[in-house]
Amino acid sequence: MAKNQRIRAEYLPYGRQWVDEADVNEVIKVLQSDYLTTGPVVTEFEQAFASNVDAKYAVAFSNGTAALHGACFAAGIEKGDEVITTPMTFAASANCILYQGGKPIFADINNQTYNIDPNEIKKKITSKTKAIIPVDFTGQPANLDEILDIAKKYNLVVIEDAAHAIGATYKNRKVGSISDMTMFSFHPVKHITTGEGGIITTNNRRYYEALIQFRSHGITRNRNKLIDDDGPWYYDMQFLGYNYRMTDIQAALGKSQLKKVDKFVNLRKKFVSLYNNAFKNLDEVITPHQLNETSSSWHLYIIKLNKSKLAVNRKELFERLIKENIGVNVHYIPVYYLSYYQELGYKRGLCPKAEELYENIITLPLFPKMTESDVNDVIQALYRALNRYRK
Ligand SMILES: Cc1ncc(COP(=O)(O)O)c(C=O)c1O
């Protein structure tokens with residue numbers, strides 16, 4: 001290992017889409033059809049997606065953040081309500097609470113799985129708590145049974161942020177069929193893409209109807225729901241919704257990509273096993289911990305540096321890898337470190353385990369279109385970089 005001194009000529013990103021000719025052809029068909037915005041292909045994509053994750057309903061949105069906003073609305077989150085989430089996530093998981101006037105309450109993580117810790121959730125529950133937003137971090141489902149038990153006990157809604165977890169399972173159940181509502185994102189670094197896009201799956205008809213109406217201004221044309229009905233043209237706006245609709249152009253790409261989700265997840269798993277194997281005897285690197293009860297869909301491969309074994313400077317290591325054209329990243333900066341949240345009054349020190357994790361992690365490239373040779377380049381670059389710290 002690490003004998004090879006080859007430095008990559010091309011930059012290897014940490015993630016990227018895989019769009020093939022079949023996908024392009026499906027998009028072209030829509031461009032040549034009558035509907036460009038929300039039409040029949042959005043419905044077809046929603047049905048195919050719901051069926052893929054064993055859910056009754058799916059509602060597509062213009063992006064995953066909008067979808068989370070919709071879920072917070074459907075859950076009835078209002079001004080002053082508290083919603084518990086993890087700090088180890090992208091800002092969107094907490095921003096959606098603020099959009100509804102709610103207050104994000106951050107609960108610390110489990111330091112093995114890096115997912116939100118149900119015991120920490122319990123500590124944060126008050127009479128104002130309305131919902132929990134667990135995140136399936138890196139693709140490994142959160143401790144859903146315990147979280148759902150807590151939710152049942154305190155009458156809370158669980159909105160699972162599964163932006164990382166299309167294709168993951170929890171105790172042999174598909175992510176998307178378990179929580180009250182589950183959000184998936186189709187940003188290009190995720191498993192499948194629609195350019196921008198997101199979706200909520202649910203088994204609850206009431207949430208489904210609220211989501212449909214919310215993503216289109218709060219407007220309904222459903223004759224049974226109208227208060228006045230001047231004629232066939234009449235519609236009503238019954239609450240303040242948004243224009244968060246997905247287009248048929250996006251949905252055509254999504255429908256075509258969805259056919260490849262298993263292939264994409266399997267390729268990710270293959271590359272993960274190459275990484276795990278390469279790092280298994282490396283004391284300085286803690287590889288991701290996987291629980292037997294879950295099957296991760298491996299959106300991200302994150303290593304944690306064991307500084308007690310080797311005095312590695314994370315920033316320096318990161319910069320060395322970037323110099324070698326290895327597109328490393330850090331997922332995530334604890335949300336409440338971000339200055340907007342600091343200005344809201346959140347203080348550092350709130351979730352010590354998440355903070356300690358943030359100090360020591362690096363995300364290595366992982367995406368289905370990379371090759372084994374790309375994986376080897378990453379492994380060798382990491383070995384070379386670590387060697388500099390060995391005496
Ligand atoms: C955990 C998590 N939640 C929410 C989002 C928001 O999704 P989107 O970028 O589709 O708005 C993302 C991705 O960007 C994410 O990684």
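Which residue just after H2 takes a positive phi? Read on, and keep in mind that this is a predicted model, where local features need pLDDT of at least 70, side-chain atom pairs count only at pLDDT 80 or more, and totals for chains, interfaces and linings use all residues. Residues are numbered from 1 along each chain as its sequence is written, and side-chain values use heavy atoms, with hydrogens and water left out.

1. The residue is Asp54, with a positive phi of about 65° just after H2. Asp54 lies in the loop between H2 and E1. Helices (H or I, at least four residues) and strands (E, at least two) are DSSP runs, numbered from the N terminus.

2. Now H2 itself: residues 40-52 reach 18 Å from first C-alpha to last, close to the 18 Å expected at 1.5 Å a residue (expected span is 1.5 Å times one less than the number of residues).

3. In H2, Val41, Val42, Phe45, Glu46, Phe49 and Ala50 are buried (under 20% relative accessible area; exposed is over 50%, partly exposed in between, with a 1.4 Å probe and protein chains only). An α-helix has 3.6 residues a turn, so residues three or four places apart point the same way.

4. Thr138 also deserves a look: its phi is positive, about 65°, although it is not a glycine. Thr138 sits in the loop between strand E4 (129-133) and helix H6 (144-154), and is buried at 9% relative accessible area.

5. Check one peptide bond too: His331 to Tyr332 is cis, with omega near 5°. Tyr332 belongs to the loop between helix H10 (314-323) and helix H11 (339-344). Most peptide bonds are trans.
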